[in-house]
Each structure stands twice: as structure tokens, then as C-alpha cells.
Amino acid sequence: MFAISLGDDGAELRPLEPWQADEFFANIERGRDFIGRHIGLPDRAKDVASARDFLQAYAEKAAADAGRIYGIWEDGTLVGGVLFRTMDPAGGTCEAGCWLEPSAVGRGLVTRAVTVIIDWALGERGLHRVEWQVSSANEPSINVARRLGMTHEGTRREDFLYQGVWQNTEVWSVLASEWHKHRAPSGS
Ligand SMILES: CC(C)(COP(=O)(O)OP(=O)(O)OC[C@H]1O[C@@H](n2cnc3c(N)ncnc32)[C@H](O)[C@@H]1OP(=O)(O)O)[C@@H](O)C(=O)NCCC(=O)NCCS
């Protein structure tokens with residue numbers, strides 16, 4: 001299948017589709033506790049059947065132009081992914097998200113992969129704003145938002161009950177004009 005190179009280390013971004021449910025489930029299994037510390041994604045992939053249902057829901061979102069999901073492969077293994085949880089092309093907005101299994105963290109894979117999909121959303125698709133919603137306890141994900149040049153707009157207090165504890169949700173975003181500056185070669 002076609003792939004976008006994420007750099008010199010051989011990592012690739014590719015479509016992630018229902019037929020790849022086995023690979024997706026294996027990726028989640030390898031990172032279940034780590035990935036699930038702040039987000040409920042592992043609960044959506046409890047076995048191969050529910051993993052397939054999750055990818056099918058994203059295939060349907062893609063068909064409706066309402067969301068997208070892509071996998072990150074390293075040396076032929078699916079190690080994580082990035083997604084548009086929501087997309088509203090008419091309204092000009094979308095919300096991005098991500099996950100990695102533990103062996104893949106610390107190398108910029110997600111920052112590089114989200115950069116590709118934001119380029120597409122705010123460039124080719126002409127959207128206006130990309131949002132990043134993150135638990136205030138999720139420092140690595142907040143750091144991704146910072147690295148992408150996003151702005152912290154505010155924090156919704158205790159709006160999300162997760163594993164029995166109320167979470168604060170930080171809302172970060174980048175606007176198209178800001179993104180184009182962030183992506184411009186320095187000095188231009
Ligand atoms: C959020 C998550 C994907 C962040 O992973 P990450 O590896 O820290 O993020 P990146 O892939 O962008 O890598 C950044 C790290 O690689 C380093 N790095 C190396 N090369 C890099 C490059 N070319 N570009 C950017 N960063 C690079 C950075 O310095 C940073 O390391 P540091 O945190 O020690 O400073 C990960 O913690 C995760 O999957 N968590 C569980 C799921 C989750 O919470 N998802 C977010 C929901 S909002």
C-alpha cells in the first residue's frame with residue numbers, strides 16, 4: 001500500500017483500515033497500559049473484533065469526510081497512529097489525536113506524523129483550525145501540542161470521568177495562518 005516517509009529512520013505513515021485489525025490489536029496489546037493511562041482507546045480494541053469495529057467506524061467517518069485514521073509503521077511493525085477524531089470541512093475545524101506503543105516513544109514519530117496530517121488538513125483541504133484536547137495530566141501529549149506550535153486556549157475543569165477520577169481537559173489549537181508560519185523555512 002502507499003506510504004509517506006516520516007524521515008531517514010524508515011518510519012512510515014500509511015492508511016489504517018479494517019482489514020488491518022490484527023495488526024492494530026497487536027499494537028494496542030503491546031501498549032495497553034501505557035496507551036490507556038489518559039485515554040480510552042484500548043477499551044475500543046479489547047479483542048480483534050472490537051479493534052475491527054473501531055477501524056470500521058473510522059472507515060465510515062472517512063467516507064463521510066468526518067474523520068480519518070493513519071498508522072505509523074517502523075521496520076514493518078505498526079507502532080502507533082494519528083487521527084482526526086472529528087472533522088468538519090464545512091465548518092473549517094478538526095480535532096487531532098495520537099498514540100504510540102512504549103517502544104516507539106521519544107523519537108518524534110508522532111510529532112512528525114501529526115505534522116503530515118495537519119499539512120493536509122490546513123493546506124490541501126483548506127481547513128481553518130486544528131484542535132488538540134488532552135488531559136492536563138498527560139504531559140507527553142501536551143509537549144506534542146507545544147512542539148507543533150499550538151496555543152493553549154484554556155482548560156475545561158473536571159469534564160471527563162476516566163477510571164473513576166475527574167480529569168481536566170486542556171484545549172490547544174493551531175490556526176491555518178499560524179501553521180503556515182510555523183512550517184515556513186526560518187527566515188522566510
Ligand atoms: C502522547 C505520545 C504519543 C507522545 O509520545 P512522544 O514519543 O513523547 O512524542 P513524539 O513521538 O512526538 O516524540 C517526542 C520526543 O522525541 C524527541 N525527538 C527525537 N527526535 C525528534 C524529532 N525529529 N521531532 C520531534 N521530537 C523528536 C523529542 O525530544 C521528545 O522527547 P522528550 O519528550 O524526551 O523531549 C505518547 O506519550 C503516547 O502514546 N501516550 C499514550 C496515548 C496518549 O495519551 N495519546 C494522546 C492523547 S491526547
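User: What does the side chain of Ser50 reach?
Analyst: The backbone nitrogen of Lys46, at 2.9 Å. Keep in mind that this is a predicted model.

User: Where does Ser50 lie?
Analyst: In helix α2.

User: Buried or exposed?
Analyst: Ser50 is buried. Its relative accessible area is 19%, and the cut-off for buried is under 20%.

User: Which residues does Ser50 touch, leaving out those up to four places away in sequence?
Analyst: Arg44 and Ala45.

User: Aromatics next. How many aromatic pairs in the whole structure?
Analyst: The search finds five. One to look at is Phe54 with Tyr58: the ring centres are 5.1 Å apart and the planes are at 50 degrees, so this pair is tilted.

User: Why tilted?
Analyst: Because 50 degrees falls between the cut-offs, with stacked under 30 and edge-to-face over 60.

User: How are Phe54 and Tyr58 placed along the helix?
Analyst: They are four residues apart in helix α2, so about one helical turn separates them. Both Phe54 and Tyr58 are buried.

User: Which residues form the aromatic cluster?
Analyst: Phe24, Phe54, Tyr58 and Trp99 form one cluster.

User: Which element gives the largest share?
Analyst: β5, with six residues.

User: How many residues line that pocket, and which lie nearest its centre?
Analyst: The largest pocket has 39 lining residues. Nearest the centre are Ile39, Gly97, Cys98, Asn138 and Ser141.

User: How does that lining split by class?
Analyst: In the largest pocket, 20 are nonpolar, twelve are polar and seven are charged.

User: And what is the volume of the second largest pocket?
Analyst: About 210 Å³. The elements giving two or more residues to its lining are β2 and α3.

User: Which residues line the second largest pocket?
Analyst: Phe2, Ile4, Leu13, Arg14, Pro15, Glu17, Tyr70, Val116, Ile117 and Trp120. By class, this lining has eight nonpolar residues, two charged and no polar ones.

User: Now backbone angles. What is phi of Asp75?
Analyst: Near 50 degrees, a positive value in a residue other than glycine. Most residues other than glycine have a negative phi.

User: Where does Asp75 lie?
Analyst: In the loop between β3 and β4. Asp75 is exposed, with a relative accessible area of 73%.

User: What about phi of Glu158?
Analyst: Near 40 degrees, also a positive value in a residue other than glycine. Glu158 is found in strand β7, residues 151-162.

User: Last one. Where is His128 found?
Analyst: In the loop between α3 and β6. His128 is partly exposed, with a relative accessible area of 49%.

User: How far apart are His128 and Leu175?
Analyst: In sequence, 47 residues. In space, 5.7 Å, C-alpha to C-alpha.

User: Which residues does His128 touch, again not counting those up to four places away in sequence?
Analyst: Leu175 is one of them.

Methods:
Residues are numbered from 1 along each chain as its sequence is written. This is a predicted model: local features need pLDDT of at least 70, side-chain atom pairs count only at pLDDT 80 or more; totals for chains, interfaces and linings use all residues. Side-chain values use heavy atoms; hydrogens and water are left out. Buried means under 20% relative accessible area, exposed over 50%, partly exposed in between (1.4 Å probe, protein chains only). Contact means heavy atoms within 4.5 Å. On a 1 Å grid over the protein atoms alone, a cavity is a set of points where a 1.4 Å probe fits but cannot get out, and a pocket is an open set with protein on both sides within 12 Å along at least five of seven lines; lining residues have an atom within 4 Å of a point. Ala, Val, Leu, Ile, Met, Phe, Trp, Tyr, Cys and Pro count as nonpolar, Asp, Glu, Lys and Arg as charged, and the others, Gly among them, as polar. Grid points are joined across faces, edges and corners, and a volume is the space filled by probe spheres set on the points. A polar contact is a pair of N or O atoms within 3.5 Å; within protein, one must be able to donate a hydrogen and the other to accept it, and residues adjacent in sequence count only if both atoms are side-chain atoms. Rings of Phe, Tyr and Trp (its six-membered ring) pair if their centres lie within 6.5 Å; planes under 30 degrees apart count as stacked, over 60 as edge-to-face and the rest as tilted.
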